[in-house]
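Open the structure in your viewer and keep the sequence panel beside it. The stops below say what to select next and what is there.

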Amino acid sequence: MSYAAYFVHYLIRQLSALQKLRQIGTSANTTFCLLIMVSVGSMGVLSACSSSDDSEAHDANLDAALIQERFQVATDLNLEQMRKLGDVYSQESGVLIDWVAMDKQVFTVRFDEEPPLVFDIELPNNTDMVLMHSAYTLANAKASHVLQPLGSEVLNTRIPKQYQDEEGYWYGVGMYGRTLVYNHNKVNEPELINYAGLASKKWQGRLCMTDVFSAENQAITKMMWTYRGSKLTPEIVANWQANMGKASASNEDVLTKIDQGLCDVGVVDSDAFWQYAKTNPNTSVRLMWANQINRGTMTNTISIGMLDSGKQVGHALRFMEWLVSDEGQALLAFYTSTFPVVTIKDVSIDMAVTRPEWTQFDADNTLLSEIIADHRKIEPDEPIEPNRSIATDFE
């Protein structure tokens, strides 16, 4: 089956699942139509889709929205998708969510440094909670003294310990892996096994990665340190740098370069790949889960935290707890291309939508809080000699 046909089939299954999620109704149909048009272009679906229902409903609710109870969430995720998620919650709870864009760079504590005491963080006015793409950002927010701990039994019991702060300052609510991608026209999947294999000489000039000092890539190196050791790990990082040359700007940049033939392999977050593939159904990029023969793939989470300055803490906490319900988990996974962190038991939810078959993988079970607490900076060692093949060392 072609990628285009696969994605059409996938999106049809998404519509079916959404219709089962507490009868979301017309908003689900609109979501389906938009995804189809974006993913596969004009295929006769445009005439079946209409935004008039959404517009009329929006206008009809303007006056009521002004007097409804509401709270504010700051996020670095896609605002359009988050508003759709929030609309479902508002329909059920009667409480509106005001979504505000916030750059993760607001929290300036570096992953590779001992966090200093920071008290001058500028946050959007009236923000009650934050929902950010990376747990590392929430850890920086904690270190910046802008979060308050939560004593929620629901969050503590529903979310695996692997994906929560040991003191309750932040919780992971949507999981994704950081793994390998490749151009299937140029690379055979058996050539790829793990992160270390990308240090092989055969990938020289063929590797795309973001900065090796980013929090996400440093997390991988710290995981490798535990079983590769203090000699090989810096050597691997050095050869990543030698193989990729200039660092790519983002996950999307890596994927685009592979599609354009500028490199053949890379490392990205799985949600970035899934979003890219849905909007580029004819892409030559494929995903492979790293480290499946030993430790498992490194993971991260979309994470939540309550601001210490928040005014509507009760409303925000109830939304947080809804996010880890079966419905909240399924919808968050759908809108963000991530995976649930809890086991969904509602039989009416199509699990192939929240985690399609191809996404099954073993994750590394290191606690995120332990990775974040390790402030070492894994520096590259001198690159291996250009004429030496290191495939046997690292693969």
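**First stop: H133**

Select H133, which is placed in the loop between strand 3 (129–132) and helix 6 (135–143). Helices (H or I, at least four residues) and strands (E, at least two) are DSSP runs, numbered from the N terminus. The model is predicted: local features need pLDDT of at least 70, side-chain atom pairs count only at pLDDT 80 or more, and totals for chains, interfaces and linings use all residues. Residues are numbered from 1 along each chain as its sequence is written, and side-chain values use heavy atoms, with hydrogens and water left out.

Now show D271. Its side chain makes a polar contact with the side chain of H133, at 2.7 Å. A polar contact is a pair of N or O atoms within 3.5 Å; within protein, one must be able to donate a hydrogen and the other to accept it, and residues adjacent in sequence count only if both atoms are side-chain atoms. Leaving aside neighbours within four places in sequence, H133 is in contact (heavy atoms within 4.5 Å) with D76, L77, Y176, D269, D271, T301 and I302.

**The whole chain**

Zoom out. The chain has 15 helices and ten strands. Of its 395 residues, 54% are buried, where buried means under 20% relative accessible area, exposed over 50%, and partly exposed in between (1.4 Å probe, protein chains only). Among contacts between residues at least 6 apart in sequence, 77% join residues at least 24 apart.

**The core**

Which residues have the most contacts inside the largest nonpolar core? Select L131 and W240; the core they belong to has 98 residues. A nonpolar core is a set of buried Ala, Val, Leu, Ile, Met, Phe, Trp, Tyr and Cys residues joined through side-chain atoms within 4.5 Å. Helix 8 (residues 215–244) gives the largest share of this core, nine residues. Not counting residues up to four places away in sequence, W240 touches Y195, L198, A199, L207, M209, V212, I220, T221 and M224.

**Aromatic rings**

The whole structure holds eleven aromatic pairs. Select W289 and F361: this pair is stacked, 3.9 Å centre to centre with 10° between the planes. Rings of Phe, Tyr and Trp (its six-membered ring) pair if their centres lie within 6.5 Å; planes under 30 degrees apart count as stacked, over 60 as edge-to-face and the rest as tilted. The pair links distant parts of the chain, 72 residues apart: W289 is in the loop between strand 8 (285–288) and strand 9 (298–307), and F361 in the loop between helix 13 (351–354) and helix 14 (368–373). Both W289 and F361 are buried.

Next, select F319 and W322. Their ring centres are 6.0 Å apart and their planes at 20°, so this pair is stacked too. The two residues are separated by about one helical turn because they are three residues apart in helix 11 (residues 313–323). F319, W322, F71, Y89 and W99 form one aromatic cluster.

**Charges over rings**

Select R376 and W225: the charged end of R376 sits over the ring of W225, 4.7 Å from its centre. K377 lies over the face of F213, at 4.6 Å from the ring centre. A charge sits over a ring if NZ of Lys or CZ of Arg is within 6 Å of the ring centre and within 35 degrees of the ring normal.

**Last stop: two asparagines**

N126 has phi near 70°, a positive value in a residue other than glycine. N291 also has a positive phi, about 60°. Are they buried or exposed? N126 is exposed, with a relative accessible area of 63%, whereas N291 is buried, at 1%.
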